[in-house]
Amino acid sequence: MTTAPRAALGACLLLLAACASRPPAAPPAAPAAVDEAPPLPPATRVAEAWISADAGDEELDSLATWQDEDGRLWLVATAKRSERLLVFDAATGARVREVGGPGREPGRFGRPNGIAVFGDLLFVVERGNRRVQVLSLPDFAPLGSFGQEQLRVPYGIWVYEHAPGEVTALVTDSFMQDFDRGVPPPREQLSERVKRFRVRVDEDGALRVDYAGAFGDTGDGALWMVESIAGDLAGQRLLIAEEDHRVGSTLREYALDGRYLGRSLPPLRGDAEGVALWECEDGEGYWIASEQLRPTRFHVHARGSLAPAGVFSGERTGITDGLAVFAGATARFPGGALFALHEDRAVAAFDLRDVARALRLSPRCGR
């Protein structure tokens, strides 16, 4: 672990990230494959508020949002091929700046994947460097990194506050028995699919990180090809993306303490990729998850019961990896916004008021 000075942690903004696909191969001792998915029902069409300019061959993967004191909202995207971060104006999709580049030095990245924001801290998961790097916002100054001793093939991340001034970072680790062929490890090793880290800032301003163990079910809730992770602190639950189609690409429900709760969402035709919680008034809300197809199908489920609330697609958005929900109000999006990657080359924005109207969701959402 490396450390550097940092001011006290701020209020929580969470995000997660979604990750790259891998070629299939039969997992050892895996459950029998699920039945072929039924024909896809039609998705409700919701027009994008904007789609950014084509970013070229950056290979964008995951998204996080950050809002400054003046209400300006940024989107930060990981770019795996160029091994840097791209920053967009969330009101227009205009590209603001680029950060980093390939390398292991502070402020450089190795195959960045998952990304999350907590207050003015930015957490970037690096598959190539097997670590999570922490930077300050808005200057993107590197503060330190962690996980080098525990992480093998890290992908997604979710961050939440577990005590005043202290956060927990949950990082998915999709290590394989044979990565090139997509062969997962033996079932007993799936208990290490999610790594838990305690992150805090001491009075002297130094970043401190403690490893707090791993979790993952080795039975019906096993994560054979683990992807994104997102959580609901109030509901004490997690949704974790499972991408292996032989066992059913889906989202599995875990408790915040790491127990599989015995429930997974119906199998998807495309890959289970990004997932985020849309928090609304009076404790209501919805989960939004992307199914990686062309066009992308965004599945909406009730926050508490996980009951399906509808499926929508944009007019152009396709092959989505990561997504991010910003439920707060901005001048451009008074009811909040959904941001989703498009074809690994651009970012799309949806007004959550349009989503709420199209799917006839609770009036407490998307006002």
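Modeller: In this predicted model, the link between Cys-280 and Cys-365 is right-handed, with 115° about the S-S bond.

Biologist: Where do the two cysteines sit in the chain?

Modeller: Cys-280 lies in the loop between β19 (271-279) and β20 (285-292). Cys-365 belongs to the segment after α1 (352-359). The pair links distant parts of the chain, 85 residues apart.

Biologist: And how far apart are the sulfur atoms of Cys-280 and Cys-365?

Modeller: Their sulfur atoms are 2.0 Å apart, and the two residues form a disulfide. In general, a disulfide is a covalent bond between the sulfur atoms of two cysteines.

Biologist: How many disulfides does a search of the whole structure find?

Modeller: The search finds 1 disulfide.

Biologist: Is Cys-280 buried or exposed?

Modeller: Cys-280 has a relative accessible area of 15%, so it counts as buried, the cut-off being under 20%. Cys-365 is also counted as buried, at 4% relative accessibility.

Biologist: Changing topic, what does the secondary structure of the chain come to?

Modeller: The chain has 1 helix and 25 strands. Of its 367 residues, 57% are buried.

Biologist: What share of the contacts joins residues 24 or more positions apart?

Modeller: Such residues account for 56% of the contacts in the chain with a separation of 6 or more.

Biologist: And what does the accessible surface come to?

Modeller: The accessible surface of the chain is about 13800 Å², and 48% of it belongs to carbon and sulfur atoms.

Biologist: Let us turn to the sheets. What is the order of the strands in the open sheet that contains β3?

Modeller: That open sheet of 4 strands runs in the order β3-β4-β5-β6, with antiparallel pairing. Its edge strands are β3 (60-67) and β6, each of which pairs on one side only. Neighbouring strands of this sheet are turned by 25° against each other on average, direction ignored.

Biologist: How many bridges join β3 and β4?

Modeller: β3 and β4 (residues 73-79) pair in the antiparallel sense over 6 bridges. Within this pairing, Ala-64 stands opposite Val-76 in β4.

Biologist: What about β5 and β6?

Modeller: β5 (residues 84-89) and β6 (residues 95-99) pair in the antiparallel sense over 4 bridges. Phe-88 stands opposite Arg-95 in β6. The two strands form a hairpin with 5 residues between them.

Biologist: Which residue in the turn of that hairpin has a positive phi?

Modeller: Gly-93 in the turn has a positive phi, about 85°.

Biologist: What is the order of the open sheet that includes β16?

Modeller: It is an open sheet of 4 strands in the order β15-β16-β17-β18, with antiparallel pairing. β15 (226-232) and β18 (260-264) each have a single partner strand, so one side of each is left without a neighbour in the sheet. On average, neighbouring strands here are turned by 25° against each other, direction ignored.

Biologist: Which residue stands opposite Leu-238?

Modeller: Tyr-254 in β17 stands opposite Leu-238. The strands concerned, β16 (residues 237-242) and β17 (residues 250-255), pair in the antiparallel sense over 6 bridges.

Biologist: Finally, what average pLDDT does the chain have?

Modeller: The chain averages a pLDDT of 91, and 89% of the residues score at least 70.

Biologist: Where does pLDDT stay under 50?

Modeller: It stays under 50 over residues 1-26, for which the model has 121 contacts beyond four places in sequence. Where pLDDT is low, the predicted coordinates should not be read in detail.

Key: Residues numbered from 1 in each chain as written. Predicted model: local features only at pLDDT ≥ 70, side-chain atom pairs only at ≥ 80, totals over all residues. Heavy atoms only, no water. Buried < 20%, exposed > 50% of the residue type's maximum accessible area, 1.4 Å probe, protein only. Contact = heavy atoms within 4.5 Å. Areas by Shrake-Rupley, 256 points an atom, 1.4 Å probe, with all protein chains shown as cover. Disulfide = S-S within 2.5 Å. pLDDT = per-residue confidence, 0-100. Pairing = 2+ DSSP bridges. Axes fitted to C-alpha atoms, helices over the stretch in contact; angles between N-to-C directions.
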